[in-house]
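Here are some notes for a colleague opening this structure for the first time. Please keep the sequence and the 3D view side by side while reading.

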Amino acid sequence: INRLLKRVDQSITLQRRFIADAAHELRSPMTALSLQAERLSEADMSNSARQRLGTLRHGLERARQLLNQLLTFARAQTPSNSPAATLSVQQVYRQVLEDLLPVAEAKEIDIGIANDVDTQLEVNAIDLLTLVKNVVDNAIRYTPFGGRIDLSVCTGSGTVSLVVADSGPGIPEQERERVFDPFYRILGNEQIGSGLGLSIVRSIAQRIGASVTLADADPQTLSGLRVTITLAEQGSPIVGG
């Protein structure tokens with residue numbers, strides 16, 4: 001049985017390495033194709049050709065995003081050897097907002113930090129940044145034009161909760177467990193995505209001993225999505241993590 005389990009573990013490891021290597025190798029030719037399409041857009045062409053070029057660029061951007069998500073997903077499932085560091089949650093929020101603010105502004109989304117509560121976490125910096133960034137990116141992607149996204153911090157009983165609430169359509173309660181499955185997308189959703197964002201979130205959360213819960217951002221109207229990531233404060237064990 002031990003030998004069988006070892007072979008299964010080796011097989012899973014090889015599969016993860018293959019996904020990561022394939023995604024990494026495909027990024028360069030995909031970037032080259034995107035650059036060529038961008039240069040082609042500067043040429044004189046008919047309206048029909050320009051529309052087709054727009055569709056091509058749209059597809060290339062989706063493929064690039066999928067490759068990036070595949071690479072991140074493979075990394076999220078691989079044990080990290082990087083040491084933990086003492087991080088300020090507010091500093092992590094600010095760094096994520098700096099990276100994603102242009103995307104939010106393009107949709108005129110009012111995004112910001114809702115309170116000034118701060119605390120220190122003992123966790124791998126890349127893991128926490130990737131975790132929060134995927135949650136916020138997901139919120140921006142599904143929040144409609146002119147919507148709102150609030151980031152906040154709550155502390156208590158030796159734990160700290162990182163909360164991201166948006167004014168988007170939310171996720172039906174019966175779907176909230178399924179959306180963590182790789183490549184799963186809710187039927188009727190027209191947003192561009194790979195279905196890997198929340199899978200990455202759960203994989204990293206499990207690795208750092210955090211829990212992730214989904215709820216309605218507005219319980220009265222049953223709209224929006226509130227994502228809560230709960231971790232232990234520095235020096236405190238998390239119960240049921």
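1. Ala, Val, Leu, Ile, Met, Phe, Trp, Tyr, Cys and Pro count as nonpolar. Asp, Glu, Lys and Arg count as charged. The others, Gly among them, count as polar. By that scheme, the lining of the largest pocket holds 5 nonpolar, 8 polar and 7 charged residues. Bear in mind that this is a predicted model.

2. The pocket itself. The space in the largest pocket comes to about 680 Å³. Its lining consists of 20 residues. Nearest the centre lie Q65, Q69, L100, D137 and R141. Which helix gives the largest share of the lining? That is α2, with 8 residues. At least two lining residues each come from α2 (47-76), α3 (89-106) and α4 (125-142).

3. The chain as a whole. There are 5 helices and 7 strands. Read from the N terminus, the order of elements is α-α-β-α-β-β-α-β-β-α-β-β. The chain has 241 residues, and 37% of them are buried.

4. Contacts along the sequence. Take the contacts between residues at least 6 apart in sequence. Of these, 71% join residues at least 24 apart.

5. Strand β7. Is β7, at residues 225-232, largely enclosed or largely open? It is largely enclosed by the rest of the structure, because 6 of its 8 residues are buried. The cut-off for buried is under 20% relative accessible area.

6. Partners of β7. Strand β5 (residues 159-166) pairs with β7 in the antiparallel sense, over 8 bridges. A215 stands opposite R226 in β7.

7. The loop between β6 and β7. Two residues are worth a look here. A217 is found in this loop. A217 has a relative accessible area of 17%, so it counts as buried. Its contacts, leaving out residues up to four places away in sequence, are A165, D166, S223, G224, L225 and R226. A217 and S167 are 50 residues apart in sequence, yet their C-alpha atoms are 7.2 Å apart. L222 is found in the loop too. L222 has 58% relative accessibility, so it counts as exposed. The phi of L222 is near 55°, a positive value in a residue other than glycine. Most residues other than glycine have a negative phi.

8. Where does F145 lie? It is in the loop between α4 and β4 (148-156). Its relative accessible area is 59%, so F145 is exposed. F145 still touches A106, K107 and E108, with residues up to four places away in sequence not counted. F145 and A106 are 39 residues apart in sequence. From C-alpha to C-alpha, the two are 8.7 Å apart.

9. E108, one of the residues that F145 touches. E108 lies in the loop between α3 and β2 (110-113). Is E108 buried or exposed? Its relative accessibility is 53%, so it counts as exposed. The line for exposed is over 50%. The phi of E108 is near 55°, and this is a positive value in a residue other than glycine. Please check the backbone there, and at L222, where phi is also near 55°.

10. L40, in helix α1. This helix covers residues 2-40, and L40 is part of it. At 45% relative accessibility, L40 counts as partly exposed. L40 touches M45 and L53, again without residues up to four places away in sequence. L40 and R50 are 10 residues apart in sequence and 9.4 Å apart in space, C-alpha to C-alpha.

Technical notes: Residues numbered from 1 in each chain as written. Predicted model: local features only at pLDDT ≥ 70, side-chain atom pairs only at ≥ 80, totals over all residues. Heavy atoms only, no water. 1 Å grid on protein atoms, 1.4 Å probe; cavity = no way out; pocket = protein on both sides within 12 Å on 5 of 7 lines; lining within 4 Å. Points joined across faces, edges and corners; volume = space filled by probe spheres on them. Helix = DSSP H or I, 4+ residues; strand = E, 2+ residues; numbered from the N terminus. Buried < 20%, exposed > 50% of the residue type's maximum accessible area, 1.4 Å probe, protein only. Pairing = 2+ DSSP bridges. Contact = heavy atoms within 4.5 Å.
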